[in-house]
Structure formats: C-alpha cells, structure tokens
Amino acid sequence: MRVPTMYVQHEDWELLKSVIKEATVKFGECSWVGIGYPIEPTEDEPMHYQVERIVYPEQENTAGSTEFDDDAMATILAGLQEGERVIWHGHSHGNMDCFFSGDDNKLYSDWTKDMTADFFLMTIHTNKSNSLSQRFHWKGVDVNCSQCII
C-alpha cells in the first residue's frame with residue numbers, strides 16, 4: 001500500500017518544533033491542528049495533502065495532558081474556507097516517551113469516528129529524544145506509518 005504524504009512548510013515545521021520545546025519547559029504538553037486540503041493526484045504521488053497553516057487553539061496543558069477549549073475549536077472549524085479541512089491533529093508528550101497512550105487512542109477514535117474525509121493524520125511528538133510517532137486515517141482504515149510528513 002502506498003502511504004499518503006502530508007506536506008508541511010519548513011518554516012511551520014521549525015516553529016512547531018520550537019513550540020514543543022518551549023511547552024515542555026513551561027507546562028509539559030501542547031496541541032495543534034493542521035488545516036489543509038488534498039492536492040490534485042499525479043501518477044508519481046496519487047495521495048498527498050498540503051497543510052496550509054498550523055493552528056494552536058486555546059488549550060489546557062499539564063505535564064501529562066493537553067486538551068483543546070471546545071469553543072476555540074468550534075471557532076476554528078466555523079472559519080474554514082471552502083475546500084479546507086482539519087487534516088492533522090498533533091500533540092506533544094513533553095519529556096515522556098513517544099507512544100500512543102490509551103487516552104491518545106480514544107482521542108484518535110473520537111476525531112475519526114464520524115469522519116467522511118479520506119485522510120486524517122494524528123502525530124505524537126516528544127522532546128525527550130526528538131522522536132516522532134505517527135498514525136493516520138486513510139479511506140476508512142486506521143494505519144500506522146513511519147514517514148508521512150515532509
């Protein structure tokens with residue numbers, strides 16, 4: 001199976017890494033969403049998606065959890081432009097190991113249970129070893145992948 005690719009602008013990726021590092025020092029974890037759209041398929045890349053912007057909704061963060069403010073997330077969703085959608089949810093694990101916890105699995109299930117879109121990526125990041133764990137939803141199937149973000 002070909003793995004979908006999600007493109008994130010280099011500047012956005014670098015900013016995200018600095019946000020993760022700062023959050024680790026200040027309060028532990030942090031979360032974000034990537035707003036984007038599918039890119040017209042080509043023969044070489046039949047499945048690829050572009051993150052247009054990364055948004056950091058108002059959130060409650062601790063050393064062991066991060067949770068979006070519901071009203072802030074509703075405002076983001078209401079403000080999506082035509083063709084845009086949330087294609088990525090990411091959060092950090094601070095200085096903990098990089099893995100999908102039971103809470104993460106439930107969150108992923110909650111995000112994707114009613115999803116009609118053909119792509120959704122959830123990532124876990126940690127500042128402990130600069131490691132990355134990724135998981136994505138593709139055509140109704142939950143698949144693990146090792147390299148989805150470029």
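This briefing covers the largest pocket and the aromatic pairs of the structure. The model is predicted. Its largest pocket has a volume of about 670 Å³, and a search of the whole structure finds four aromatic pairs.

**Largest pocket**

- The pocket of about 670 Å³ is lined by 27 residues, of which E67, F68, H89, L107 and W111 are the closest to its centre.
- Two or more lining residues come from each of β5 (66-68), α2 (70-78), β6 (85-92) and α3 (102-112).
- The element that gives the most to this lining is α3, with five residues.
- By residue class, the lining of the largest pocket holds ten nonpolar, eight polar and nine charged residues.

**W32 and W88**

- Among the four aromatic pairs is that of W32 and W88, which is edge-to-face, with 6.1 Å centre to centre and 80° between the planes.
- W32 lies in strand β2 (residues 31-38) and W88 in strand β6, so their pairing ties together parts that are 56 residues apart in sequence.
- Both W32 and W88 are buried.
- W32 and W88 also belong to one aromatic cluster with W13.

**W111 and F120**

- The ring centres of W111 and F120 are 5.4 Å apart and the ring planes are at 20°, so this pair is stacked; the cut-off for stacked is under 30 degrees.
- W111 has a relative accessible area of 22% and is therefore partly exposed, since buried requires under 20%.
- F120, with a relative accessible area of 0%, is buried.
- W111 is also one of the residues closest to the centre of the largest pocket.

Methods. Residues numbered from 1 in each chain as written. Predicted model: local features only at pLDDT ≥ 70, side-chain atom pairs only at ≥ 80, totals over all residues. Heavy atoms only, no water. 1 Å grid on protein atoms, 1.4 Å probe; cavity = no way out; pocket = protein on both sides within 12 Å on 5 of 7 lines; lining within 4 Å. Points joined across faces, edges and corners; volume = space filled by probe spheres on them. Helix = DSSP H or I, 4+ residues; strand = E, 2+ residues; numbered from the N terminus. Nonpolar A, V, L, I, M, F, W, Y, C, P; charged D, E, K, R; others polar. Phe/Tyr/Trp six-rings, centres within 6.5 Å; stacked < 30°, edge-to-face > 60°. Buried < 20%, exposed > 50% of the residue type's maximum accessible area, 1.4 Å probe, protein only.
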